Amino acid sequence: MRDYELENRRYVIGGVAVLIVIVYIIRLFMLQITSDDYKKSADSNAFLKKIEYPSRGIITDRNGQLLVFNQPAYDIMVVMNEAKGRLDTLEFCQTLGITREEFERRMNTMQDRSKNPGYSRFTQQLFMSQLSDKDFSVFQEKMFRFPGFYVQRRTVRQYQYPYAAHILGDVAEVSPAEIEADDYYQPGDYIGKLGVERSYEKQLRGEKGMQILLRDAHGRIQGHYQDGRFDRQPKPGKNLTLSIDSKLQALGERLLENKIGSIVAIEPSTGEVLCMVSSPSYDPQLMVGRERSKNHRLLSQNPQKPLLNRSIMGLYPPGSTFKTSQGLTFMSEGIITPQTAYGCSHGFVYKGLRVGCHGHGSPLSLVPALSTSCNGYFCWGLYHMIGATKKYGSVQNAMNTWRDYMVSMGFGYPLGIDLPGEKRGLIPNAQYYDKAYKGSWNGLTIISISIGQGEVLLTPLQIANLGATIANRGYYYTPHVVKKVQGEPLDSAFTTRHYSKATRDSYDYVVKGMRSSALGGTCKALAHYDFVACGKTGTAQNRGHDHSVFMGFAPMDNPQIAVAVYVENGGWGATYGVPIGGLIMEQFIRGRLSEASEAKASEIQHKIIHYGSSER
């Protein structure tokens, strides 16, 4: 009789043995085929893949003047698989001048995958960046005692002048989010953070190279694998030529010392930005080296916000510079003609509402209204446009027609400059006021927008672009700070004309008004120059002292430069805006300041506006 129990036991034991064999086969397959842990370990023993970093593209101004260049620096890299358990930590820390606690913190941070998602114990990781030449020399002499640690030659940015920090931007170590977004980067790499360094990062950074070095059993380098057959040479980044005139930029920064505000100058025929000053500013060299984090923290804590690029991020009421856009709109829409005259009894007075104005002749037409900066004239113009229900059907349609003109002139949306962070400003539409006033509003309700107050907010760049559009008699190019990228054509976005809805005739009359202002109106300080300048002042109301604003261009025919000046709490537009605007025009057109203008520039430079007090 067969022993079925014994026979079943044999099958069970055989099945278990087969299962164990299958598990071993699967594990061996995973280790040898699907997993690369052992391959990495073997490769790391035999090879050292050393990244060769490209030199970053240099940056020059429009005249070829060097602005940003590279200097050698040294990073300490570590391969954790080689360093573990074999390091004399005390001597290592003494050599680098760091504490044991700092050493542990750096090592732990490096191995924390939440902070360093690209971490691998087989590849080089950044331990310390940007050693000085002196520290590098000391470390190199003892490096043979620190297995797993290597020196990586890099470059750091150097700045020729302490100017244009907001335009140039800076370079710093990549964040985990930036590594996730672009597989070009690995921990310890540098990336442009602000300015053109950010906007043109892909052009400036170049392409990495790699050396594959052969090591013996003791980890000593024996040379290049297969005589360098698989090495890749780095490709340097492309050079940038900025549209900025460095001398003009330097003058602008001088003029805004001890003041808060902005100066923007544009070449109307190209849209190239000639200078862009935001004050207060900072020396870009503060953002270089191992003190960068500390300096950045101090700047970010400064209540005057020197890190803010007010030229493209500051939102301001444009004040009376905005009256030019109103004249263009009213005339183009047939609300006024060049001969239409409105009375001004020291302001706009109607149905119990009063908007004040300074003393001047009355009644007056468009050209003298611009020359004298009459508030009453432009309030009446807006009131009649919004109230023209026979023409537009409703106040909402009239308002949206007005809005369309403003948008066509470059307001209400970012212009698209090649710098990060540009703000759009605010141009209200009918829906905005319907929501604010529950559908019950009219021209009187919103009358202050006609003189650049109320809800209207622009950036200094948009005000300067208004000047460029008037100089061109009706069109503008998207403003840009990069004139040329080495080996690349300029983006077509910067060579396309944008036309406003206003007519050519309306521009001709607005130009006449701005020229009249320069000859004997609110911009009469421009009359003494030997070039034909046109201008419009603005005095933007503020809770404290008013802001001083200017917008203008020169020469009147074949214009070379359009300028906007905004000085917070500077008072009348003629106090700071006009003289600064005139000096900027003269410097660019003539290439230098006259003796009298240099004295004026020095006087303005040393004037101090004490913000938060009544002193000026």
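Where does Tyr-24 lie? Tyr-24 is in helix 1 (residues 4-34).

## Basis of the model

This is a predicted model, in which local features need pLDDT of at least 70, side-chain atom pairs count only at pLDDT 80 or more, and totals for chains, interfaces and linings use all residues. Numbering runs from 1 along each chain as its sequence is written, and side-chain values use heavy atoms, with hydrogens and water left out.

## Overall build

The protein chain has 23 helices and 20 strands. Both are DSSP runs numbered from the N terminus: helices are H or I with at least four residues, strands are E with at least two. The C-alpha atoms fill a box of roughly 125 × 80 × 45 Å along the principal axes. The radius of gyration of the protein chain is 33 Å, whereas a compact globule of 616 residues would have one near 25 Å. That radius is taken over C-alpha atoms, and the globule rule is 2.2 Å times the number of residues to the power 0.38.

Of the 616 residues, 53% are buried. Buried means under 20% relative accessible area, exposed over 50%, and partly exposed in between (1.4 Å probe, protein chains only). The chain exposes about 28,700 Å², and carbon and sulfur atoms supply 51% of it. Accessible areas come from the Shrake-Rupley method with a 1.4 Å probe; for residues, only the protein chains shown count as cover. Among contacts (heavy atoms within 4.5 Å) with a separation of 6 or more, 71% are between residues 24 or more positions apart.

Tyr-24 is exposed, with a relative accessible area of 57%. An α-helix has 3.6 residues a turn, so residues three or four places apart point the same way.

## Salt bridges

A search of the whole structure finds 26 salt bridges. Each is a side-chain nitrogen of Lys or Arg within 4 Å of a carboxyl oxygen of Asp or Glu. Arg-145 pairs with Glu-91, their closest N and O atoms being 2.3 Å apart. This pair links distant parts of the chain, 54 residues apart: Arg-145 is in the loop between helix 6 (133-142) and strand 5, Glu-91 in helix 4 (residues 89-96). Arg-145 is partly exposed at 41% relative accessibility, while Glu-91 is buried at 17%.

Asp-182 forms a salt bridge with Arg-205, with closest N and O atoms 3.2 Å apart. Asp-182 sits in the loop between helix 8 (176-181) and strand 7 (190-192) and Arg-205 in helix 10 (residues 201-205), so the pair ties together parts 23 residues apart in sequence. Both residues are buried. Arg-473 and Asp-557 form another bridge, at 3.4 Å between closest N and O atoms. They link distant parts, 84 residues apart: Arg-473 in the loop between helix 20 (460-471) and strand 15 (475-477), Asp-557 in the loop between strand 19 (547-554) and strand 20 (561-567). Arg-473 is buried at 14% relative accessible area. A network of salt bridges links Arg-56, Arg-157, Glu-197 and Glu-201.

## Backbone details

A cis peptide bond joins Ser-279 and Pro-280, with omega about 5°. Pro-280 is in the loop between strand 12 (272-279) and helix 12 (292-301). Another cis peptide bond joins Ser-362 and Pro-363, with omega about -10°. Pro-363 lies in the loop between strand 14 (353-356) and helix 15 (366-372).

Ala-164 is not a glycine, yet its phi is positive, about 60°. It is in the loop between strand 5 (149-159) and helix 7 (165-168), and is buried at 10% relative accessibility. Lys-351 also has a positive phi, near 50°. Lys-351 lies in the loop between strand 13 (347-350) and strand 14, and is exposed at 64%.

## A buried strand residue

Leu-131 lies in strand 4 (residues 125-131). It is buried, with a relative accessible area of 5%. Leaving aside neighbours within four places in sequence, Leu-131 contacts Ala-73, Tyr-74, Ile-76, Leu-96, Phe-136 and Arg-290.
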